[in-house]
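Visitor: I am new to this kind of picture, and I would like to learn how to read it one feature at a time. Could you take me through it slowly?

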Amino acid sequence: MKGLVIWILADEGSDEAVLDELGTEIKDRGGRVEVFHSEAVESLGMEENYRAKAVACAMLASHGVVVIASGRSGSGIVPGEKLAVREVSEEQLRDGRVRTGFMRDLELAGLVPPPKYDVHPDEEKEILKRLQDLGYLEE
Amino acid sequence: MLVPPHGGRLVDRQYEGREADEIIAGLQGLKSLTLNAREKNDLEMIGNGAMSPLEGFMCRDDYESVVDLMHLVSGPVWSLPVVFARKVGDPEVRPGEHVALADASGTIWGDMAVEDVFNADLASEADRTLGTTDISHPGVAYLDSLDGTYIGGKVRSIRRRDTESFPNYRLDPKETRVLFRARGWKTAVAFQTRNPIHRAHEYIQKCALEIVDGLLLHPLVGETQEGDIPADVRMRCYEEILKDYYPSTRVAMSVFPAAMRYAGPREAVFHALLRKNYGCSHFIVGRDHAGVGNFYGTYDAQLIFDGFDPDELGITPLRFEHAFFCRKCGGMATLKTCAHDSSHHVFLAGRKVREMLGEGVMPPPEFTRPEIAQILIEAARKGEDR
């Protein structure tokens with residue numbers, strides 16, 4: 001089975017914590033995942049850095065791994081043409097619905113098992129608040 | 001841990017606020033198809049996950065599989081078609097097109113990525129799913145109003161909270177699931193109703209509650225046929241009885257925005273599967289559930305469950321006999337638990353109850369609690385009861 005390269009795009013380079021958080025979620029769900037931090041190849045120039053990272057990501061993904069890497073918005077480089085590639089912004093990834101949809105795509109692709117939860121934990125907090133507001137639960 | 005959703009995961013294709021605005025903006029200039037009342041209810045319930053694993057209106061393969069085999073092509077049990085019908089005056093569409101879904105007034109309620117446009121044998125559908133082709137059956141009459149072409153594809157639904165009836169009782173499946181967990185319920189039984197609550201219903205609900213952690217009162221508020229008691233009257237009855245006769249920590253009420261199909265046995269299974277998505281482990285099936293007239297046998301809606309493997313259903317039907325007050329027993333009972341003949345039973349036919357309420361006469365308290373009778377009499381006086 002082929003894996004997937006997820007490029008997380010941000011204007012000034014991605015927040016490493018965002019990459020780690022997504023990587024942890026996929027790993028916790030039982031997926032094979034590799035988070036590719038930018039410092040791994042930081043000695044190269046900007047474009048070389050990007051291309052080298054892309055090659056490494058593609059190699060990992062070809063072995064069925066979900067690879068998470070950071071990129072710059074509008075860079076124009078979308079490496080890994082022969083592999084499934086997803087681009088998502090940091091802002092989108094912080095959105096519970098996008099995040100859920102993202103995980104669902106990985107699930108349908110057979111890259112992670114079905115979720116252990118029926119409602120995303122981030123969304124659950126919002127729902128609890130609404131249930132309190134409606135009087136179903138005490139505050 | 002609550003029962004998992006049907007098909008393993010809850011579908012979430014419902015949007016509101018900024019996301020909904022973006023979807024609507026993206027539909028400008030595209031073709032628009034018209035939703036009827038049933039389809040609008042279905043769209044809402046696909047979007048909020050109540051119809052999981054459905055992600056859209058059925059294409060031909062699922063439609064045929066459901067009509068013939070009561071299973072989706074992908075495997076899960078599914079007993080009734082959930083389809084979108086082509087309407088007179090709507091534009092022609094082809095697979096691959098992206099279209100808006102709007103009601104007759106032009107308000108957009110969602111969109112569809114069209115995957116299939118197909119002709120259906122509606123007489124055969126009626127025969128297989130409703131068990132009749134008699135035009136006096138409301139489900140057959142509905143099918144007879146269609147032109148026989150269905151349009152299938154994945155949908156997204158737009159939520160407009162400001163237009164919803166019973167906004168304080170609108171809980172999506174993910175919300176009831178969170179509620180059940182917060183209350184510490186691991187099991188819950190759902191009660192489907194399109195009638196006001198009488199003592200018989202109360203008895204059955206409380207019998208069911210004895211064996212599970214919580215009770216979800218789930219009145220149907222989608223489209224019903226003329227002659228059914230309107231949803232707002234039924235809701236007033238339930239609000240009243242919940243005040244004094246039900247333990248608040250063990251009972252939750254929210255509305256079930258489905259349209260009635262009057263498909264009897266198949267609709268009983270359909271209702272059960274949807275309640276599984278709401279997090280319920282058990283479902284009450286009374287006599288002639290979802291029936292109409294004399295089209296179905298008294299126990300058909302209970303017997304149909306025997307044709308499925310319990311694991312593939314994933315929700316347990318609780319079968320109940322008709323309940324009544326027995327003067328000799330001195331309490332509520334059913335034919336299963338009462339040793340006495342009908343001369344001891346307080347039983348009124350529906351038509352008789354209507355007559356009494358219309359004339360301002362209180363039914364016996366053993367049949368209807370006075371608080372409820374008062375609401376129904378008031379509704380009859382104002383002409384709200386039909």
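Predicted model: local features only at pLDDT ≥ 70, side-chain atom pairs only at ≥ 80, totals over all residues.

Visitor: Which other residue has a positive phi although it is not a glycine?

Guide: Met70(B) does, with a phi of about 60 degrees, and its place is the loop between α3 (60-69) and β4 (98-102) of chain B. Met70(B) has a relative accessible area of 17%, and because buried means under 20%, Met70(B) counts as buried.

Visitor: Where is the peptide bond that is cis?

Guide: That bond runs from Ser52(B) to Pro53(B), with omega near 10 degrees, and Pro53(B) is found in the loop between α2 (37-47) and β3 (56-57) of chain B.

Visitor: How many helices and strands are there in chain A, and what pattern does the chain follow?

Guide: Chain A has five helices and four strands, which, read along the sequence, follow the pattern β-α-β-α-β-β-α-α-α. Of the 139 residues in chain A, 43% are buried, and among contacts in this chain with a separation of 6 or more, 71% come from residues 24 or more positions apart.

Visitor: How many residues does the contact take from chain A and from chain B?

Guide: Chain A gives 17 residues and chain B gives 27, and between them the two chains bury about 2,000 Å², with 48% of that area on carbon and sulfur atoms. The count of salt bridges between chain A and chain B is five. On the side of chain A that touches chain B, the elements giving two or more residues are α4 (96-108) and α5 (121-133) of chain A, and α5(A) gives the most, with six residues. By class, that side of chain A has eight nonpolar, no polar and nine charged residues.

Visitor: How should I read one salt bridge, such as that of Arg130(A) with Glu175(B)?

Guide: A salt bridge is read from a side-chain nitrogen of Lys or Arg and a carboxyl oxygen of Asp or Glu, which must lie within 4 Å. In the bridge of Arg130(A) with Glu175(B), the closest N and O atoms are 2.8 Å apart. Arg130(A) lies in helix α5 of chain A and Glu175(B) in helix α6 of chain B, so the pair joins two chains. Both partners are buried, Arg130(A) with a relative accessible area of 18% and Glu175(B) with one of 5%.

Visitor: Which residues form salt bridges with Lys174(B)?

Guide: Among them are Glu123(A), where the closest N and O atoms are 2.5 Å apart, and Asp12(B), at 3.2 Å from N to O. Asp12(B) lies in the segment before β1 (14-15) of chain B and Lys174(B) in helix α6 of chain B, so this pair ties together parts that are 162 residues apart in sequence. Asp12(B) is buried at 15% relative accessibility, and Lys174(B) is buried with a relative accessible area of 14%.

Visitor: Which residues are linked in a network of salt bridges?

Guide: Asp118(A), Glu124(A), Arg177(B) and Arg181(B) are linked in such a network.

Notes
Residues numbered from 1 in each chain as written. Chains lettered and ligands numbered in written order. Heavy atoms only, no water. Buried < 20%, exposed > 50% of the residue type's maximum accessible area, 1.4 Å probe, protein only. Contact = heavy atoms within 4.5 Å. Buried area = accessible area lost by both parts, 1.4 Å probe. Nonpolar A, V, L, I, M, F, W, Y, C, P; charged D, E, K, R; others polar.
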